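Dear colleague,

Please find below the structure for your review. A summary of the findings follows it.

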Amino acid sequence: TLIRQPDLARVLEALAEQGRDGFYQGPVAEKLVRGVREAGGIWTKQDLNNYRVKERAPVVGHYRGARIVTAPPPSAGGLVMLEALNILNEFNGGEISEDLLPHLTVEAWRRAYQDRGRYMGDPDFVSIPVDNLLSKSYAEQRAASIKLDKATPSSELGEPVATGEGFHTTHFSVLDGAGNRVAATLSINLPFGSGFMPAGTGVILNNEMDDFSAKPGSPNAYGLVGSKANAVAPGKRPLSSMTPTFVEFDDRVAILGTPGGSRIITMVMLGVLEAANDAPVDDWVSRVRFHHQFLPDQVQAEPAFLGTEAAKSLRLRGHDVVSVDREYGNMQAILWRHEDNSVTAASDPRGIGAARVGADAD
Ligand code: DON
């Protein structure tokens with residue numbers, strides 16, 4: 001099927017020719033505002049004109065000898081993943097037996113997602129205790145409540161924070177000949193965002209408002225429950241789960257990310273665990289997936305996970321392992337080895353997308 005999007009093409013040309021002013025000011029901005037207002041919305045030209053991209057320093061952590069550079073707030077992605085990896089580091093420096101690893105990984109996610117709901121929101125509005133959340137002493141404290149033989153019910157850990165699944169987020173992983181890298185996750189949140197396109201623009205407006213917590217304890221489309229930290233406020237950005245990530249080992253670099261709503265973080269972390277095991281890049285994107293996000297207090301897994309040894313070891317320890325009845329995720333990943341300067345790339349077999357290396361990639 002050939003799809004023509006001439007309005008969108010004109011908007012992209014305006015962006016290319018005039019930069020931000022081609023979108024946030026002038027005819028495109030006017031059409032966006034007019035389209036929204038005609039449909040009963042409350043946008044003003046000033047709202048668009050006031051919008052600024054903010055560059056923020058990534059958050060950095062360590063796992064099994066690798067330095068991990070990943071997304072800072074207002075994404076919860078980097079903080080949740082690094083907190084969970086720090087918790088794993090508390091168990092024999094992260095060198096964990098295959099039998100025990102799924103259980104400890106789930107327990108680490110449970111705790112880190114609890115902190116997502118408790119503390120995380122737009123850092124321009126709330127002060128997130130980043131240094132504390134990523135400290136060794138905090139990981140020690142969080143790891144202390146983990147039992148090796150038994151799942152901890154989320155209700156035993158205090159304050160709640162809870163899944164549906166959405167689409168239409170995209171991830172690109174790129175590495176050029178000079179070693180420059182990009183890990184970019186882009187979201188309009190639910191399928192077709194708000195389902196609304198101001199006339200004459202080709203631009204579909206997102207519904208990222210759902211990434212805010214509408215009220216304490218009320219789950220969003222992904223079942224995530226948040227606190228005041230992520231409450232709606234004028235000019236505030238919602239808490240994301242996007243986790244575009246670089247993993248820097250001494251001898252190799254991994255670039256990875258995926259769409260998938262609240263499950264993005266756990267998918268990327270499972271990819272990082274594969275990368276740390278020096279598994280081939282195909283394994284990172286194709287491996288069977290499981291997830292825990294504090295609430296609901298369940299290990300949500302792809303159907304193929306249920307019969308695995310990992311699922312058995314989780315059940316033995318009291319985890320409630322349930323199938324989400326379908327595969328999820330669309331991970332794009334690259335592995336660059338310094339020793340022979342070799343690059344391998346892989347695209348998730350579950351989704352659309354393709355991996356290209358070398359002259360092919362141009
Ligand atoms: O930023 C977030 O966490 C969500 N807007 C991501 C939504 C998403 O991944 C939907 N696509 N599968």
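Leaving aside neighbours within four places in sequence, with which residues is Leu88 in contact? Under that condition, Leu88 is in contact (heavy atoms within 4.5 Å) with Tyr63, Gly94, Ile96, Leu101, Leu104, Thr105, Ala108, Met269 and Leu273.

The model is predicted, so local features need pLDDT of at least 70 and side-chain atom pairs count only at pLDDT 80 or more, whereas totals for chains, interfaces and linings use all residues. Residues are numbered from 1 along each chain as its sequence is written, and side-chain values use heavy atoms, with hydrogens and water left out.

Nonpolar cores

A nonpolar core is a set of buried Ala, Val, Leu, Ile, Met, Phe, Trp, Tyr and Cys residues joined through side-chain atoms within 4.5 Å; buried means under 20% relative accessible area with a 1.4 Å probe, protein chains only. The largest core has 67 residues, and Leu85, Leu88 and Phe290 have the most contacts inside it. Helix α9 (residues 264-276) gives the largest share of this core, 10 residues. Helices (H or I, at least four residues) and strands (E, at least two) are DSSP runs, numbered from the N terminus. Another core, of 12 residues, lies apart from the largest one and includes Phe23, Ala29, Val33 and Leu205.

Sheet

Strands β7, β8 and β9 form an open sheet in that order, with mixed pairing; two strands pair if DSSP finds at least two bridges between them. The edge strands, each pairing on one side only, are β7 (290-291) and β9 (321-323). Strand β8 (residues 299-301) runs parallel to β9 and is joined to it by three bridges, and Gln300 has Val322 as its bridge partner in β9.

Cavities

On a 1 Å grid over the protein atoms alone, a cavity is a set of points where a 1.4 Å probe fits but cannot get out, and lining residues have an atom within 4 Å of a point. Grid points are joined across faces, edges and corners, and a volume is the space filled by probe spheres set on the points. The largest cavity has a volume of about 130 Å³. Among its 20 lining residues, Asn189, Asp211, Tyr222, Gly261 and Ile264 are the closest to its centre. The second largest cavity has a volume of about 80 Å³, and its lining includes Arg116, Asp211, Phe212 and Asn230.

Yours sincerely

How values were computed: Buried < 20%, exposed > 50% of the residue type's maximum accessible area, 1.4 Å probe, protein only. 1 Å grid on protein atoms, 1.4 Å probe; cavity = no way out; pocket = protein on both sides within 12 Å on 5 of 7 lines; lining within 4 Å.
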